[in-house]
Amino acid sequence: MDRQEAQLRKQLRDTGVSVERNGDNINLIMPGNITFPTNQSDLKADFNKVLDSIAIVLEEFEKTVIVVAGFTDSTGSESYNQALSERRAESVASYLKGKDILAARFEVVGFGESNPASGRHSCGGLGW
């Protein structure tokens, strides 16, 4: 895990994504201002480069299980925010799967209003 964390920190330096470690779990916090337009689940084009960097590390550490979590703010209905957070998480997972990361490695969840985004978690994250 130490090597994987170091690789992620190196790949994600100056991208706006923060790397947080909690024991054997590594979380990548991806702020909404770099990932998705407001109220949308299509990735911002500039963010693809960041996901490409993540895919490089995921390819190297091929046994890692990846949890992709989508978040929203609390504006709008609960059902809308739940669906949006799920679509956002799926967008990230789909992009990474398109980079030949095995689909079986992914767990995709949306948090909607059960865990609304703060300024820090405005769109989502990856954890493993």
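In what order do the elements of the chain run from the N terminus on? I read them off as α-β-β-α-α-β-α-β-β. I noted that this is a predicted model. My tally for the chain is four helices and five strands.

**Entry: the chain as a whole**

I looked up burial next. The chain has 128 residues, and 43% of them count as buried. I then took the contacts between residues at least 6 apart in sequence, and found that 69% of these join residues at least 24 apart.

**Entry: helix α1**

I went to α1, which covers residues 2–12. Its buried residues include Gln 4, Glu 5, Leu 8 and Leu 12. Looking down the axis of α1, I saw that the buried residues fall within an arc of 100°, so they line one face of the helix. On the face turned away from that buried side I found the exposed residues Asp 2, Arg 3 and Lys 10.

What do the buried residues of α1 pack against? I found β1 (18–22), β2 (25–30) and α3. I also checked what follows the helix: Asp 14 comes after α1, and its phi is positive, near 65°.

**Entry: α1 against α3**

I looked up how these two helices pack. Their axes are 9 Å apart, at an angle of about 160°. An angle over 145 degrees counts as roughly antiparallel, and that makes α1 roughly antiparallel to α3. I noted the crossing of α1 and α3 as right-handed.

I then listed the residues that meet. From α1 they are Arg 3, Gln 4, Gln 7, Leu 8, Gln 11 and Leu 12. From α3 they are Val 50, Ser 53, Ile 54, Ile 56, Val 57 and Glu 60. Gln 4, Leu 8 and Leu 12 were already in my notes as buried residues of α1, and Arg 3 as an exposed one.

**Entry: α3 against α4**

At what angle do the axes of α3 and α4 cross? I have it as roughly 60°, with the axes coming within 10 Å. That makes α3 oblique to α4. The contact uses Asn 48, Leu 51, Asp 52, Ile 54, Ala 55 and Leu 58 on the α3 side. On the α4 side I wrote down Val 92, Tyr 95 and Leu 96. I noted that α3 passes α4 in a right-handed crossing.

**Entry: Phe 61**

I placed Phe 61 in the loop between α3 (47–60) and β3 (66–70). Is Phe 61 buried or exposed? Its relative accessibility is 14%, so Phe 61 counts as buried, the limit for buried being under 20%. Leaving aside neighbours within four places in sequence, I found Phe 61 in contact with Arg 3, Gln 4, Gln 7 and Arg 105.

**Entry: two serines**

Ser 41 is in the loop between α2 (32–35) and α3. I have Ser 41 down as buried, with a relative accessible area of 13%. Not counting residues up to four places away in sequence, Ser 41 touches Phe 36, Leu 84, Arg 87, Arg 88 and Ser 91.

I found Ser 85 in helix α4, residues 78–97. Ser 85 is buried, and its relative accessible area is 0%. Which residues does Ser 85 contact, leaving aside its neighbours within four places in sequence? I listed Gly 70, Phe 71, Thr 72, Val 109, Gly 110, Phe 111 and Gly 112.

**Entry: the aromatic pair**

I searched for aromatic pairs and found one in the structure. Phe 71 and Phe 111 form this pair, and it is stacked, with 5.2 Å centre to centre and 20° between the planes. Phe 71 lies in the loop between β3 and α4, and Phe 111 in the loop between β4 (106–110) and β5 (124–127), so the pair ties together parts that are 40 residues apart in sequence. Phe 71 counts as buried, at 8% relative accessibility. Phe 111 counts as partly exposed, at 28%. Both Phe 71 and Phe 111 are among the contacts I listed for Ser 85.

Key: Residues are numbered from 1 along each chain as its sequence is written. This is a predicted model: local features need pLDDT of at least 70, side-chain atom pairs count only at pLDDT 80 or more; totals for chains, interfaces and linings use all residues. Side-chain values use heavy atoms; hydrogens and water are left out. Buried means under 20% relative accessible area, exposed over 50%, partly exposed in between (1.4 Å probe, protein chains only). Contact means heavy atoms within 4.5 Å. The arc is that of the directions from the helix axis to the C-beta atoms. Rings of Phe, Tyr and Trp (its six-membered ring) pair if their centres lie within 6.5 Å; planes under 30 degrees apart count as stacked, over 60 as edge-to-face and the rest as tilted. Axes are lines fitted to C-alpha atoms, for helices over the stretch in contact, and angles run from 0 to 180 degrees between N-to-C directions. Angles under 35 degrees count as roughly parallel, over 145 as roughly antiparallel, 65 to 115 as roughly perpendicular and the rest as oblique. A crossing is left-handed if the near helix is turned anticlockwise from the far one by less than a right angle, and right-handed if clockwise.
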